[in-house]
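Please keep the sequence and the structure in view while reading.

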Amino acid sequence: ILLLKKHRKAMKSAKEYAAFLLSRRDYPQGELKEKLIKKGYDPEEVESLLREFLARGWLDDRRFGEAWVRSRMPEGKSRNALLAGLLRKGLVPDLARDILQEVWSRQEEEAALRRQIEKYRRSARPPERSKMISRLMGRGFPQGIIIKLLDEDAD
């Protein structure tokens, strides 16, 4: 216990460490909480700190989620893949779905799907239609949209 107390004195305060992390990049509340607790800070102190940071606007899961989704849109990820990513980052499901509803339209999904289809077609050995459909569904794209776009391209 004495070693832990000595070590804790050498550590920055939870507030200093959290501010340092947030100065480097945005974090969702759950991820920041996890980092602070893993670092050895008292969970009650962390909860209090998170409430303060939320009140000051330094921590905002919606802002984080919107930026995170927009930064991944050029990668050609499906809506489902983006939702899974937001949930892994610790956002609550309702908020993650709201963010996607606002940021990710049907046009973006179709554009992402078109990029994936083109990527498959440019490969050295493009997969046959049924395998392409399976792979795209595995990436989280809806079957109906996949078939619609493949049929449009075939015409």
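## Helices α8 and α10

Helix α8 crosses α10 in a right-handed manner; a crossing is right-handed if the near helix is turned clockwise from the far one by less than a right angle, and left-handed if anticlockwise. The structure is a predicted model, in which local features need pLDDT of at least 70 and side-chain atom pairs count only at pLDDT 80 or more, while totals for chains, interfaces and linings use all residues. Residues are numbered from 1 along each chain as its sequence is written, and side-chain values use heavy atoms, without hydrogens and water. Helices are DSSP runs (H or I, at least four residues), numbered from the N terminus.

Helix α8 spans residues 106-122 and α10 spans residues 143-154; their axes lie 10 Å apart and the packing angle is about 60 degrees. Axes are lines fitted to C-alpha atoms over the stretch in contact, and angles run from 0 to 180 degrees between N-to-C directions. The two helices are therefore oblique to each other. Angles under 35 degrees count as roughly parallel, over 145 as roughly antiparallel, 65 to 115 as roughly perpendicular, and the rest as oblique.

On the α8 side, the residues that meet α10 are Arg106, Glu109, Glu110, Leu113, Arg114, Ile117 and Arg121. Their partners in α10 are Ile145, Ile146, Lys148, Leu149, Leu150, Glu152 and Asp153. By class, this contact has six nonpolar, no polar and eight charged residues. In this scheme Ala, Val, Leu, Ile, Met, Phe, Trp, Tyr, Cys and Pro are nonpolar, Asp, Glu, Lys and Arg are charged, and the others, Gly among them, are polar.

Leaving aside neighbours within four places in sequence, glutamate 110 is in contact with Ile145, Lys148 and Leu149. Contact means heavy atoms within 4.5 Å.

## Helices α9 and α10

Helix α9 covers residues 129-138, and its axis comes within 10 Å of the axis of α10, with a crossing of roughly 140 degrees. That angle makes α9 oblique to α10. The crossing of α9 and α10 is right-handed.

From α9, the contact is made by Arg129, Met132, Ile133, Leu136 and Met137. From α10, Gln143, Ile146, Ile147, Leu150 and Asp151 take part. Sorted by class, the contact of α9 with α10 has seven nonpolar, one polar and two charged residues.

## Helices α2 and α3

Helix α2 (residues 14-24) and α3 cross at roughly 135 degrees, and their axes come within 11 Å. This makes α2 oblique to α3. The crossing of α2 and α3 is right-handed.

Ala14, Tyr17, Ala18, Leu21 and Leu22 of α2 make the contact with Leu32, Lys35 and Leu36 of α3. The residues of the contact of α2 with α3 comprise seven nonpolar, no polar and one charged.

Helix α3 (residues 29-38) also holds glutamate 31. With 17% relative accessibility, glutamate 31 counts as buried. Not counting residues up to four places away in sequence, glutamate 31 touches Arg25 and Lys89.

Which residues of helix α6 (residues 79-88) are buried? They are Leu82, Leu83, Gly85 and Leu86. These residues are on the same side of α6, because they cover an arc of only 160 degrees around the axis. The arc is that of the directions from the helix axis to the C-beta atoms. The cover over the buried residues of α6 includes α5 (61-72) and α7 (93-103). After α6 comes glycine 90, whose phi is positive, near 100 degrees.

In α7, the residues Leu95, Ala96, Ile99, Leu100 and Val103 are buried. They span an arc of only 135 degrees around the axis, so they are on the same side of α7. These buried residues pack against α5, α6 and α8. The face of α7 turned away from the buried side carries the exposed residues Asp94, Gln101 and Glu102.

## Proline 43

Proline 43 is found in helix α4 (residues 43-56). Its relative accessibility is 42%, so proline 43 counts as partly exposed. Between proline 43 and lysine 33 the C-alpha to C-alpha distance is 8.3 Å, and the two are ten residues apart in sequence.

Note on methods: Buried means under 20% relative accessible area, exposed over 50%, partly exposed in between (1.4 Å probe, protein chains only).
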